[in-house]
Amino acid sequence: MEKSRRIYDAIAVVAFVIVLLAVAFIKPTYNPNKQAEQFANAEGAYTPGTYTAEADGFGGKVALELTIGDNGGITNAVITGDGETPDVGGAAIPELANQILAAQSAEIDGVSGATVTSTAVKEALAAAIAEAGGQEVASGPKAADGNLFIPGTYTGTAKGFGGDVEVEVEVTENNIESLNVTGDHETENIGTFAVSMLPDKILAAQSVNVDAISGATVTSKAILRALQDALKQAGCDISKLPEAEAVDANAPKSEETVDADICIVGAGGAGMTAAIKATENGKKVVVLEMMPYAGGNTTKATGGMNAAETHYQKEQGIEDSVETFIEDTMEGGHQINNRDLVTIMAEKSAAAIDWLDSIGAPLPKVSFSGGATNQRIHAPEDGSGVGAFLVTRFLNKMDELGINVMYETRATDLIFEDGAVVGVKAEGKTANYTINAKAVILATGGFGNNQDMIVKYRSDLKGTVSTSAPGAMGDGIVMAEAVGADLVDIDQIQLHPTVEQGTSMLITESVRGDGAILVNQEGKRFTNELLTRDKVSAAELEQTGGYAYIIFDQRLRDGLKAIEKYVSTGITVQGDTIEDLAGQIDVDPATLAETLDTWNKAVAAKKDAEFERDTGMDNDLSVAPYYAIKIAPGIHHTMGGVKIDTKAEVIDKSGNAIPGLFAAGEVTGGVHGGNRLGGNAVADIVIFGGIASDSAVEYCDK
Ligand code: MEZ
């Protein structure tokens, strides 16, 4: 008896210890059914069933199938997004599904570095939950019967492209009276257009059911989500708001004719420069723009504009010469550039900087960019992105001159009669246009956003992310070819080495020009960071995983306003110490600390024994906090295009100028050869935009 009691006691002690160990060591597993059960007990459960919704992701539609169990909680979330970048958005999908199950609501955090995919999932989730009779509506305030809203002013927020977007809406019982949208971190001249254009569409529709502003989808959708948030607070049942007006794609369009001296196709930097100059020279211009806003790829330009022998360089004691500019550009372009075009660009560059001064667009900050022997890239004083800065000023000047831009009007064909171009055919939303013009300037940009053309000319780049604006569809190249234009270097497509892959955001070369370094996943530098882009991109692709981190410090951030955008977009990792930063990016802390130490010594000695970098070494990286952005190469510039001569006349396959047809900017080939130098795109658009304009004016006067 005594013996069996002792055995009992021993078994009890062992069992107790096992239970204790189990409690201490077995991690509680996440149980969606349990969560759903808890949720079902909350007021206003979802309606059981399966709900599907989709939204635009990075590479196509992202679809969500949400299952609400019998108990009213979310029991399953299946996300598909075959077009998402595999290592970024694609990799984030399982985590996003887990977040939905854990949150049991539309409030998920998203995955940092996969912003676009996360935004799409959030959007689809909000729609699916709204359809499932989300608890927010059921348990929130309710407008009186027969009314849409509880009168008052309400504020809603949602995550946009660069940070929070806020909507303040004033409503009466059944009307949206006014709307105030703020989105200070949205991309200037892209997202900011949605901020200024969408409120009118919303007021006209009296609904959240309006189309996004094309090309500014992320910001548009954030505005609509923030509006929904505010209207729900106003007791609105969103499903009662007017549906979007059905657009009849087959509705007949009117046929309109417009007469002009010069028709400019494309309102990017080259087109706007040409329009301003031609108008100042007394010509009637019509500008066609396929997007709902101007700017094109110029809006995306960040670093600056190359120019030699400028008054800014002279005032700052920077020695440079037109000859060095030419040689750097030829060398960077693998000597296949058209030397005559390069020469005229370099020769006219200082005057172009003066012209920008004259229209209130000064670029006084001069620094280094890849492949440049001297400090030559000119940027706005505070280091903000050059493109948005110029587009704003070009638009102001065009307003002042009364230049008419026909937005959302896509040129389809050149009108070619008796061997000369005499106009353009275009399609608008409600009308087809015949633009009769004495001369036409093609300024349609490159084809970096047209996957079919990328694959046609460079199948190896299929699926590569692109920094190009949505309008970079190559239309000008196709139209010019149809009237016999010759093409040059059409397979020369530039990869920019520092592109954040989740957002396709370009991390400007100026970050390296101002002193940043690149390290691989092993925490080591692997190249001279300021070699030409083709070389740096190639070196990156050889590293583990084909990516790298760009590393900089607080001093560098303070001197370059463009960086604020990267921080507000959430793609930047910040560490109080180098070791802290290393831990966050999963790099060995001691190795990263040693890399920074070696680099700082090289900066002090002005000698980089490892990779012979000799530019962008004015400051070391020693002021905490420290920053990293994970980057890899992305398509940035299509260097080939329509063949032109030094008068920007388009050349046909027999080597003759096509009468009446001129071209400038990324639609052309020959200026940049096999690799464009950073800062030469803005030089190209301003200088050749001006040349095309002068030549077209002269042609009209003949
Ligand atoms: O000219 C460019 O493409 C450029 C300077 C880009 C950048 O890195 O900012």
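S466 is placed in the loop that runs between α14 (451-457) and α15 (475-482), where helices (H or I, at least four residues) and strands (E, at least two) are DSSP runs numbered from the N terminus. The model is a predicted one, in which local features need pLDDT of at least 70 and side-chain atom pairs count only at pLDDT 80 or more, whereas totals for chains, interfaces and linings use all residues. Residues are numbered from 1 along each chain as its sequence is written, and side-chain values use heavy atoms, with hydrogens and water left out.

S466 counts as buried because its relative accessibility is 14%, the term buried meaning under 20% relative accessible area, exposed over 50% and partly exposed in between (1.4 Å probe, protein chains only). Leaving aside neighbours within four places in sequence, S466 is in contact with G448, N449, S504 and I635, contact being defined as heavy atoms within 4.5 Å. The side chain of S466 reaches the backbone oxygen of G448 at 2.9 Å, and a polar atom of that side chain lies 3.0 Å from the backbone nitrogen of S468. For such polar contacts, the criterion is a pair of N or O atoms within 3.5 Å; within protein, one must be able to donate a hydrogen and the other to accept it, and residues adjacent in sequence count only if both atoms are side-chain atoms. S466 and N337, 129 residues apart along the chain, have C-alpha atoms separated by 23 Å.

The chain is divided into domain 1 (32-137), domain 2 (152-240), domain 3 (261-492 + 639-701) and domain 4 (495-634), with bounds that come from an automatic or database domain assignment. The centres of domain 3 and domain 4, taken over C-alpha atoms, are separated by 31 Å, and the contact between these two domains takes 25 residues from domain 3 and 24 residues from domain 4.

The shell around the ligand draws at least three residues from each of domain 3 and domain 4. The ligand is surrounded by T302, G303, I377, H496, L506, T508, E509, R533, H636, R676, G678 and G679, a residue being assigned to the shell if one of its heavy atoms lies within 4 Å. By class, this shell has 2 nonpolar, 7 polar and 3 charged residues, where Ala, Val, Leu, Ile, Met, Phe, Trp, Tyr, Cys and Pro count as nonpolar, Asp, Glu, Lys and Arg as charged, and the others, Gly among them, as polar. The protein covers 97% of the 270 Å² of accessible area that the ligand has on its own, as computed by the Shrake-Rupley method with a 1.4 Å probe.

T508, one of the residues around the ligand, is located in the loop between β18 (505-506) and α16 (509-513). With a relative accessible area of 2%, T508 is buried, and beyond its neighbours within four places in sequence it is in contact with T302, G303, L560, A562 and Y566.

Q521 is found in the loop between β19 (517-519) and α17 (533-541) and counts as buried at 15% relative accessibility. A polar contact of 2.7 Å joins the side chains of Q521 and Y547, and the backbone oxygen of D586 lies 3.0 Å from a polar side-chain atom of Q521. When residues up to four places away in sequence are not counted, Q521 touches T544, Y547, Y549, I585, D586 and V587.

In helix α11 (residues 339-347), the buried residues are L341, V342, I344, M345 and A346, and they pack against α10 (322-332), α12 (349-358), β26 (668-669) and α22 (680-701). At the start of α11, a side-chain oxygen of N338 reaches to within 3.0 Å of the backbone nitrogen of D340.

Several backbone features are also found in loops. The peptide bond from A624 to P625 is cis, with omega near -5 degrees, and P625 is placed in the loop between α21 (589-605) and β22 (626-638). D489, which is not a glycine, has a positive phi of about 50 degrees; D489 belongs to the loop between β16 (487-488) and β17 (493-500) and counts as partly exposed at 22% relative accessibility.
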